[in-house]
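Thanks, everyone, for making the time this morning. Please have a look at the model on the screen, and I will then walk you through some of its parts.

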Amino acid sequence: METPFTTQQTFIDEFNPVDYYNTYYTPGEGKLNGQWTDFALRNLHETFSPGCVEGDTLIDFGSGPTIYQVLTACDVFNNIILSDFLEKSRAELHKWLRKDPDALDWTHIIKHVCELEGNRENCEEKAEKLRSKVKQVLKCDALKSNPYDPLVLPPADCLLTCLCLEVPCETVESFCNVLKNFKNLLKPGGHLLVLSMLNATFFYVGNKRFTCLYLTKSDLEMAFIKAGYEIKKLVVTPWTDTSKMDIFDHDSQYFIHACKPK
């Protein structure tokens with residue numbers, strides 16, 4: 001019998017952001033430390049290098065409780081907006097921004113980013129720079145035509161989303177519609193950056209199982225083209241660590257850089 005697609009209400013009731021951190025990012029044991037973080041951080045480092053993707057405002061859509069995806073961006077954007085559907089994930093972001101004693105510890109990943117950048121700054125300086133650049137933490141809903149309703153955000157230079165859209169989107173058509181709606185959040189010529197997994201159907205957070213959209217590389221390319229973007233770069237690499245397939249079932253990871261037409 002096919003597992004029903006996880007609803008937004010189920011995420012509200014059952015998703016625990018601390019369990020998510022402990023499952024995927026805790027130092028030494030997190031299931032995404034290593035292969036995923038290396039892939040994501042390296043692609044973001046290359047993309048946000050001076051003279052590449054930069055500007056005034058970057059929106060991070062579906063941040064969850066994580067901050068690693070915007071660590072490099074804080075060098076080339078002045079105004080960073082974090083956002084997530086779940087209040088409890090936004091609460092974890094606020095804890096990190098306030099330096100609460102029980103905030104999630106991202107030091108090991110901040111150190112990785114500093115190493116990629118040639119140790120230009122130590123970890124604490126990097127963390128403080130990001131805190132100074134985050135201007136808002138907002139609620140977002142991918143399934144709304146205006147994901148930030150009732151707010152109307154000024155168009156941004158860049159929208160980034162990481163390990164997010166396969167969760168609320170039950171179909172490829174829904175995924176494509178979200179991409180179309182993102183165009184209203186971007187300036188003409190603005191950049192859309194998406195990092196996630198392909199060919200996945202589920203993932204665990206602690207002992208809770210959640211479904212996700214099965215998306216192939218051809219589905220991904222078709223959705224971006226149908227939504228009216230120009231694809232600048234698409235990187236897909238196979239997932240090689242089969243020891244963790246009881247936690248998730250994706251077989252590859254991707255980074256795509258696309259632009260809204262001018």
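Cysteine 158 has histidine 191 in β5 as its bridge partner. The two strands involved, β4 (residues 156-162) and β5, pair in the parallel sense over six bridges; strands count as paired here if DSSP finds at least two bridges between them, and the strands (E, at least two residues) and helices (H or I, at least four residues) are themselves DSSP runs, numbered from the N terminus.

Before I go further, please keep in mind that this is a predicted model, in which local features need pLDDT of at least 70 and side-chain atom pairs count only at pLDDT 80 or more, while totals for chains, interfaces and linings use all residues. Residues are numbered from 1 along each chain as its sequence is written, and side-chain values use heavy atoms, with hydrogens and water left out.

Now to the sheet as a whole, which is open and is formed by seven strands in the order β3-β2-β1-β4-β5-β9-β8, with mixed pairing. β3 (134-139) and β8 are the edge strands, each of them pairing on one side only, and from one strand to the next the twist averages 15°. Two helices lie across it: α3 (residues 35-47) lies across β4, β5, β8 and β9 and runs at about 20° to β9, whereas α7 lies across β1, β4, β5 and β9 and runs at about 150° to β5. For these angles, axes are lines fitted to C-alpha atoms, for helices over the stretch in contact, and the angles run from 0 to 180 degrees between N-to-C directions; contact means heavy atoms within 4.5 Å.

Let us turn to helix α8 (residues 217-226), where Asp219, Leu220, Ala223 and Phe224 are buried. Why do these residues lie on the same side of α8? They do so because they cover an arc of only 125° around the axis, the arc being that of the directions from the helix axis to the C-beta atoms. On the other side of α8, Ile225 and Lys226 are exposed; buried means under 20% relative accessible area, exposed over 50%, and partly exposed in between, with a 1.4 Å probe and protein chains only. The cover over the buried residues of α8 includes α7 (172-182), β5 (186-198), β8 (230-238) and β9 (252-259). Just after α8 comes glycine 228, which takes a positive phi of about 95°.

My last topic is the aromatic rings, of which the structure holds 19 pairs. Rings of Phe, Tyr and Trp (its six-membered ring) pair if their centres lie within 6.5 Å, and planes under 30 degrees apart count as stacked, over 60 as edge-to-face and the rest as tilted. Another tilted pair joins tyrosine 68 and tryptophan 106, at 6.0 Å centre to centre with 40° between the planes. This second pair links distant parts of the chain, 38 residues apart, with tyrosine 68 in the loop between β1 (57-61) and β2 (79-84) and tryptophan 106 in the loop between α4 (87-98) and α5 (107-116). Tyrosine 68 counts as buried at 2% relative accessibility, and tryptophan 106 is buried as well, with a relative accessible area of 1%. Ring pairs link a cluster of residues, among them Phe11, Phe15, Tyr68, Trp106 and Phe248.
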